[in-house]
Amino acid sequence: MNIALIGYGKMGKTIERIAHQRGHTVVCIIDVDNLQMFDSEEFKSADIVIEFTSPSVAEHNIRKCFARGKSVVCGTTGWTERLSALKKEIDEQNYTLFWSSNFSLGMNVFFALNTYLAKIMNKFPSYDIAMEEVHHTHKADTPSGTAITLAESILHEIDRKTVWVDGAARNPNEVSIESIRTGDVPGIHTVIYESNVDEITLTHSAKSRDGFALGAIIAAEFTLGKKGFLGMNDMMKF
Ligand SMILES: NC(=O)c1ccc[n+]([C@@H]2O[C@H](COP(=O)([O-])OP(=O)(O)OC[C@H]3O[C@@H](n4cnc5c(N)ncnc54)[C@H](O)[C@@H]3O)[C@@H](O)[C@H]2O)c1
């Protein structure tokens, strides 16, 4: 598979290394200093584009790819409020976008466990629910896209919770998300159910960025030849 990378930061570099290990060719790398490469022969030769940049530019980059007939796998987080309008356009125009807030295969098992646990805990109102996420100090968005995905599943399943909040909860209907920024932590997410008598915690801890990069490349392999808006549930088939 010929891959074009947009964004050559921490994730872009990890994806390049793992793509080579899986026998793929990175034919084009675009970052802020060579945006003209969107119109290059190298970009044209890509079978698929993988985009990991920043929240303010991801949608614009995706649209540039669509305009050039390319399917995109995007892992950039922090712009989900614009995703539903884009999804509609993708369906209407027959574009292809695979987006996930977290490409780690283990985290997607965690997503399924989180939903399953929330379904059970809906019947146990004596437990309050809170979340914590820890990331490196350069992360642009707070809370993390992954934490928001986890929180939204909880809100979907738990009748007594209607909204997530960034920081401490003030009302019983709120799920608090505490964000901690420290060192070079690739990502730790914890969901906590606490009653007066005990505590149940689910934690996923990424050891490095390799798991995200591997998941993004497997997603690119999966996306090849498909149309529409795709996500990890389509690929992992829980
Ligand atoms: N979905 C996942 O599994 C997952 C995992 C890790 C990180 N992320 C997200 O991926 C994104 C990138 O993370 P990172 O750690 O690589 O960040 P980073 O800051 O190390 O790299 C971002 C790169 O994008 C480049 N960039 C900025 N604007 C650009 C533009 N207009 N065109 C092309 N390149 C541009 C920057 O110069 C930089 O090299 C973030 O949103 C992060 O939250 C997602």
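Domain bounds in this description come from an automatic or database domain assignment, which divides the protein chain into domain 1 (2–103 + 210–236) and domain 2 (105–205). The structure is a predicted model, in which local features need pLDDT of at least 70 and side-chain atom pairs count only at pLDDT 80 or more, while totals for chains, interfaces and linings use all residues. Residues are numbered from 1 along each chain as its sequence is written, and side-chain values use heavy atoms, with hydrogens and water left out.

The C-alpha centres of domain 1 and domain 2 are 27 Å apart, and their contact (heavy atoms within 4.5 Å) takes 13 residues from domain 1 and 14 residues from domain 2. The buried area, that is, the accessible area (1.4 Å probe) that two parts lose on being put together, summed over both, is about 1,000 Å² between domain 1 and domain 2, with carbon and sulfur atoms giving 60% of it. On the side of domain 1, Ser101, Asn102 and Met236 lose the most area to domain 2, together 40% of what that side buries.

For lysine 10, a backbone N or O atom lies 2.9 Å from an oxygen atom of the ligand, whereas for lysine 139 a polar side-chain atom is 3.0 Å from an oxygen atom of the ligand. A polar backbone atom of serine 101 is found 3.1 Å from a nitrogen atom of the ligand.

Methods:
Polar contact = N/O pair within 3.5 Å; in protein donor to acceptor, adjacent residues only side chain to side chain.
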